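Please open the structure in your viewer and keep the selection panel at hand.

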Amino acid sequence: MFDYLTYVREGNFPHIWCSGCGHGIVLKSFIRAIDKLGIHRDEAVMVSGIGCSSRTAGYVDINTLHTTHGRAIAFATGVKFANPKLHVIVVTGDGDATAIGGNHYIHAARRNIDLTVLIYNNYIYGMTGGQVSPTTPRGARASTSPFGNIEPPFNISGLASAAGASFVARGDVYHAQKLEKLITQAIQKKGFSVVEVLSPCPTAYGRRNRMASPVTLMEWLRDNCIPVKKYEKMSEEERSGKIRTGVLIDIEKPEFTEEYRKLVDSMQVRG
Ligand SMILES: Cc1ncc(C[n+]2csc(CCOP(=O)(O)OP(=O)(O)O)c2C)c(N)n1
Ligand code: SF4
């Protein structure tokens, strides 16, 4: 049996997550991924913002930084610059990464800095009680949109792809083994890597949107998350309401800290 306890801070348990929250599955998938990759705890740093998702950083027994709401990518950029050899992993929510932290997100992607960003997308601000987020679907109810959200949502994987990320994937907590593989690939990739993880929030989102039961939310993921290859063969009509999952972008591009190092070296030669 897999020994999760090697990688967690037992003193910080029990965790804060509600029953049926998907975030614990992301934590387990991450732990399995670093175990598979043989990454020692001293070689990795997890950086988080604020939110239920961001609490992950309190539970993993590697180097961790629990920072301020929206700023995890900015802190992670500093860590990576200070020591480019480290694996720097950001854990963040859809609100943390794409509302208050939206600028950090797109500019880190544009620079293609070697960070791995796991975005727990539950379509809502979970920690603060269910306010609308940039990924809340049109028509969905939130505490700030009690009659249905009128804003169009961001496609957060699409945003990273368009901004220049070198690896973008989407997974979900129902398909946990696939998720573990996506996280593994993202950590291995040099460059800005994003895994958008659909991780349901029964408490703040499900209860307002006729999916109060965690089982219903998991069944929804099971039925609507479609692997890329299968999705590509589907007609427009069949694609309606379905979510494409798997590796969406995997390209080679110059990485920011390496480019910076080259520039510094060239200046020293000249100097
Ligand atoms: C500067 C600042 N603004 C607002 C907050 C309040 N706040 C804490 S967490 C949060 C949103 C969390 O939502 P998300 O990032 O989607 O994570 P989740 O809790 O859903 O996992 C907000 C608005 C804060 N802590 N700091
Ligand atoms: S409020 Fe939602 S996101 Fe936060 S722990 Fe509960 S179920 Fe998870």
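Is Arg210 buried or exposed? Please select Arg210: the residue is exposed, because 9 other C-beta atoms lie within 10 Å. By definition, a residue is buried if 20 or more other C-beta atoms lie within 10 Å of its own, exposed if 12 or fewer, and partly exposed in between, with C-beta atoms placed from the backbone. This is a predicted model, in which local features need pLDDT of at least 70 and side-chain atom pairs count only at pLDDT 80 or more, while totals for chains, interfaces and linings use all residues. Residues are numbered from 1 along each chain as its sequence is written, and chains are lettered from A and ligands numbered from 1 in the order in which they are written.

Remain at Arg210, which is found in the loop between strand E6 (193-198) and helix H8 (214-224). Helices (H or I, at least four residues) and strands (E, at least two) are DSSP runs, numbered from the N terminus. Although Arg210 is not a glycine, its phi is positive, at about 55°.

Select Asn112 next, in the loop between helix H5 (102-111) and strand E4 (116-121). Asn112 also is not a glycine and has a positive phi, of about 60°. Asn112 is buried, because 24 other C-beta atoms lie within 10 Å.

Proceed to Ala169 in strand E5 (residues 167-172). Ala169 is buried, since 26 other C-beta atoms lie within 10 Å. Beyond its neighbours within four places in sequence, Ala169 is in contact (C-beta atoms, placed from the backbone, within 7 Å) with residues including Leu182, Val195 and Leu248. Display also Val194, 25 residues from Ala169 along the chain; the two C-alpha atoms are separated by 6.2 Å.

Now select Pro14, in the segment before helix H1 (23-37). The peptide bond from Phe13 to Pro14 is cis, with omega near 5°.

The ligands follow. Around ligand 1 there are 18 residues (C-beta atom, placed from the backbone, within 6 Å of the ligand), of which Gly51, Gly93, Gly95, Asp96 and Gly126 come nearest. Helix H4 (residues 94-100) gives the most to this shell, with three residues. By class, the shell has seven nonpolar, nine polar and two charged residues. Here Ala, Val, Leu, Ile, Met, Phe, Trp, Tyr, Cys and Pro count as nonpolar, Asp, Glu, Lys and Arg as charged, and the others, Gly among them, as polar.

Conventions
Contact = placed C-beta atoms within 7 Å.
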